[in-house]
Structures are given as structure tokens and as C-alpha cells.
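Here is a short tour of one protein model, starting from a single residue and widening to the whole chain. Have the structure open as you read.

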Amino acid sequence: HYSFFPDRPRWPARKTQLTYAFAPENQLSAVVRGVFARAFERWSEATTLTFVETASYGRADIRIGFFGGDHGDGEPFDGVLGTLAHAFAPPNGRFHLDGDENWVIDGNFLNGAPRTAVDLESVAVHEIGHVLGLGHSTVEEAIMYPTISSGTRKVELANDDVLGIQELY
Ligand code: TQI
Ligand code: ZN
Ligand code: ZN
């Protein structure tokens, strides 16, 4: 079963369009940005929320970036595996990914060794769930289940994820 953060924080009802932006220093390719666009699309299909990329990192509702180690928010990343990414409850909007992971897009390794591969789209769909206010689920098929095996691709919302997000929005 799905869960929420304590006190059930959510984005305000008047804000059905949320903007997102990428840390300018990351200089992400269109392919990488497309992965995030697809991940947002999964959640917009299940809700009345829409997501649009904006160039203004400082003003975006959701700020996405790849960072390594200590990156100044008190939650340092830890190198390969361990913590892969983190996102915070609404309306924080911070969505960080560990730049030291061996990220995989559509089965293609961006760098590093296959044994420690992590599917970027799967992690993005999961973290967007957190950005929107979902906690973890006890349902193994759910995107919001708290573990995933290395190399696995899991990008489709389960019924449980849809019920959770529709209860919140
Ligand atoms: N990062 C944890 C996560 O996103 C951080 C975290 C732990 C957290 N407890 C939380 C975030 C409670 C919000 C609320 O779950 S992680 C997975 C999964 C991680 C793990 O790096 O461990 C995914 C990030 F589910 F696959 F294990 C993304 Cl998909
Ligand atoms: Zn961070
Ligand atoms: Zn999580």
C-alpha cells in the first residue's frame, strides 16, 4: 500500500502546472532531458498535473541536478551504489541524483561498469513520486517500493501508485 509524507504535504491545488529545470552546470544532453520528460509524463497521465521544462533553474518548482559527494544540502552522496538519488517532500522541489552512479538510458551505459548499472528512468519516476508527495509503498510492483535490483528497469506506474497519487491530487 502507498504512503505519504508526515502531514501529507502536496503542491497547492491552484498549481496544476509545475515547472522543472536542470542545473545549468550539468549541461545535460537532449537524450538525458528526454528521460526526465518521459518520467514526468507517467505521473501527468495519472493526474491533472502537467510538467514543463523551463530554462530558469532558480525559479523552477522542481530543480534537478547530478551531483557527487557532498553537494551542500547536508545529504552527501556516497559514490557508486548506496544512495542513488534523493528528493524532498513538497513544496521543496529539490531532486538530486548521484553523479557517481553508472547511469543507464534505454539499456545503454553512459559510463562505468554494467555490474553497477542503475536505470535512470526508473529512478526518475520514483523520485518524482517523492517530489509530488508520495512516500514508500509496501507493494513490490509499485514504483514507490523502496528497493530495486541493479540493472532493473521499472517505469510503469502500478495500480497502487495511481491510487496514491489520485488520493493526493
Ligand atoms: N534514495 C532514497 C529513496 O529515494 C532516499 C530515501 C530514503 C527517501 N527514504 C526516503 C526519500 C523517504 C523520500 C522519502 O527512496 S535511494 C530507489 C529504489 C533510491 C532507491 O537512492 O535509495 C529508487 C532512489 F526504490 F529503487 F530502491 C530511487 Cl527507484
Ligand atoms: Zn542533494
Ligand atoms: Zn524512495
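## A residue in helix H3

Let us begin with Asp160, which sits in helix H3, spanning residues 159-168. Helices here are DSSP runs of H or I with at least four residues, strands are runs of E with at least two, and both are numbered from the N terminus. Asp160 counts as buried because it has 20 C-beta neighbours inside 10 Å. The scale calls a residue buried with 20 or more other C-beta atoms within 10 Å of its own, exposed with 12 or fewer, and partly exposed in between, with C-beta atoms placed from the backbone.

Leaving out residues up to four places away in sequence, Asp160 touches His1, Tyr2, Ser137, Val139 and Ala142; a contact means C-beta atoms, placed from the backbone, within 7 Å. Ser137 is 23 residues away from Asp160 in sequence, with 7.9 Å between their C-alpha atoms.

## About the model

This is a predicted model: local features need pLDDT of at least 70 and side-chain atom pairs count only at pLDDT 80 or more, while totals for chains, interfaces and linings use all residues. Residues are numbered from 1 along each chain as its sequence is written, and chains are lettered from A and ligands numbered from 1 in the order in which they are written.

## The whole protein

Stepping back, the protein has 3 helices and 8 strands. Their order from the N terminus is β-α-β-β-β-β-β-β-β-α-α.

Buried residues account for 34% of the 169 residues. Of the contacts between residues at least 6 apart in sequence, 65% link residues at least 24 apart.

How values were computed
Two residues are in contact if their C-beta atoms, placed from the backbone, lie within 7 Å.
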